[in-house]
Amino acid sequence: MAISKIIYISDRKGETSGHHFQEVFDYIRKDEKTQNKVMVGAVNCLPDFALSQMKQTKQNFGKTEGRQAYHLIISFNEGETTAETAFEIVGKFVEMYLGARYEAVYSVHDDTDHIHGHILFNSVSFIDGKKFRYKKGDWEKDIFPLVNELCEEHGLKTLELDSKENRKRYREWNEYRDGKFVWNTMIRRDVDACILQSDSFEEFQQMMIDKGYEFKYGKHIAVKLPGMERVRRLYKLGDNYSEERIRVRIENETIRSFTRKPVIAQPRIVGIRYRRFKRAKLSGLQKKYFAKLYRLGKLKKRPYSKAWQYREDIKKMHQLQQQYLFLARNKIHTKEEMMLLWEKLSITRKKSSNERRKVYRERYPFKELFVKLEQLEQLKECEECYREGDDFFKDEHEEYQLLENEIKEEGYTIKEVIELKKHFDKAIADAKIREKEIYKEFRLADSIVKDIEREIRQKENEIKQQTESKNKSQELSEQPPIW
């Protein structure tokens, strides 16, 4: 069962033209996500030079502004399919949906529990320079049925568009893409806070502007914050957020009137027995990371509506949390222990990578057999119809028999080839999971080691500067006075 989503790519404010385009292009082709670019393909361009070819097409037709490209994602359920099958489905989709007019590069990422495909295609046609137009309803009319058709061809489950569950899932994803799940909550909190502190509607507007909001006036008032792609109409936030209601609330709501509801039930003392546990002591190295994490935790005290400004700090906080948990989990107390663990993980990582390559090498001699097996699967329905007496499928029947005989000549039955393919698919999946887990641990260890090395260099530089400063002072003191 595959779920498809489409996102448009435009230039962000404050960035050079094509920067966002480049980011997505680099991301979908990452080595660690695509088996070192084995799972990367393209239509009407070369995978490695797709970006420059797309940009050249835009320049040829003088259409370098506006939407640069479209990013389409097709994701599959956990354990539903293999990376190879997903790559085939995504490739067929690109050829059928875009192949006649647009340049596209696509890939399959198998580094998560859910295998998924990425498609990045030019917004400008290389045929006539016309821009791709994505209209409301195109997903239901064109994209959704085609994905379902390809899934059905490969024996995967399909989605029913009319089911309430899938319509809700699609609507929720659209809201996630537009940022409504975050922005609406933030805007409501700021509006509520400004209403309580304002004596007039004009004062309310000025307070919102001071918080970074831009106002757009029309039939309904709309606001926008830095980082938002679209304006948000206030009346859509709820019944209490239309202009009329805000004016009434400013008159009736104040900080003094904003009190907590009285406690009805009288509090009572409840006695409980508990066992006291000693808190585990932190080592020096663990304390250092915990202290960094604590300092970054002060972000919670900053204005909620300006969280977008601290994106990098928040990312750093999550990284420090992972590093701290890593040290505690592996009981690392000294820098020496950290270096030993890093070396051990480095060796283990290479071994896991070699194990995965070994499975691929063992699988390679059977590649032709697996191709024939796949062709047999495609002809299976035709063969069944022929056996039931439909002579229309005689050519397909002959091709089926030919493939069946070729497999037998190799010394295998069809059942044995199926079991063999399952064995290698499972072995590859297990090897990837092990490699992913080890790589995650190694990456954390590597980041901590780099921090340690950076601190050592800083201390050495400080000592060097202090020594140089001390030597200069001595030289000056030893010089004879000038009379």
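Mentor: Start with the criterion: a disulfide is a pair of cysteine sulfur atoms within 2.5 Å. By this rule the count comes to zero disulfides.

Trainee: What kind of model is this, and how are residues numbered?
Mentor: This is a predicted model, in which local features need pLDDT of at least 70, side-chain atom pairs count only at pLDDT 80 or more, and totals for chains, interfaces and linings use all residues. Residues are numbered from 1 along each chain as its sequence is written, and side-chain values use heavy atoms, with hydrogens and water left out.

Trainee: How many helices and strands are in the protein?
Mentor: There are 14 helices and eight strands. Both are DSSP runs numbered from the N terminus: helices are H or I with at least four residues, strands are E with at least two.

Trainee: And what share of the residues is buried?
Mentor: Of the 483 residues in the protein, 36% are buried.

Trainee: What about contacts across the sequence?
Mentor: Among contacts with a separation of 6 or more, 69% are between residues 24 or more positions apart. Contact means heavy atoms within 4.5 Å.

Trainee: Switching to strands. How many residues of β3 are buried?
Mentor: Eight of the eight residues in β3 (residues 69–76) are buried. A69, H71, I73 and S75 point one way, while Y70, L72, I74 and F76 point the other way.

Trainee: Which strand does β3 bridge to?
Mentor: Seven bridges join β3 to β5 (residues 116–122), and the two run antiparallel. I73 stands opposite H118 in β5. As for the criterion, two strands pair if DSSP finds at least two bridges between them.

Trainee: In what order do β6, β7 and β8 sit?
Mentor: The order is β6-β7-β8, in an open sheet of three strands with antiparallel pairing. β6 (214–216) and β8 (232–233) stand at the edges with a single partner strand each, so one side of each has no neighbour in the sheet. Two bridges join β7 (residues 222–224) to β8, and A222 stands opposite R233 in β8.

Trainee: What does Q205 touch?
Mentor: Not counting residues up to four places away in sequence, Q205 touches F215 and Y217. Q205 is in helix α7 (residues 201–210) and is buried, with a relative accessible area of 13%.

Trainee: Where does α4 bend?
Mentor: α4 bends by about 30° at F144, and a proline, P145, follows within four residues. The bend at a residue is the angle between axes fitted to the seven residues ending there and the seven starting there.

Trainee: What about the span of α4?
Mentor: Helix α4 (residues 138–153) has 16 residues and reaches 22 Å from its first C-alpha to its last, close to the 22 Å expected at 1.5 Å a residue. The expected span is 1.5 Å times one less than the number of residues. Buried residues in α4 include D138, W139, F144 and C151.

Trainee: Last topic, backbone angles. Where is N36 found?
Mentor: N36 is in the loop between α1 (19–28) and β2 (40–43). N36 has a positive phi of about 55° although it is not a glycine, and at 48% relative accessibility it counts as partly exposed.

Trainee: And K331?
Mentor: K331 also has a positive phi, near 55°. K331 is in the loop between α10 (311–329) and α11 (335–363), and counts as exposed at 63% relative accessibility.

Key. Buried means under 20% relative accessible area, exposed over 50%, partly exposed in between (1.4 Å probe, protein chains only).
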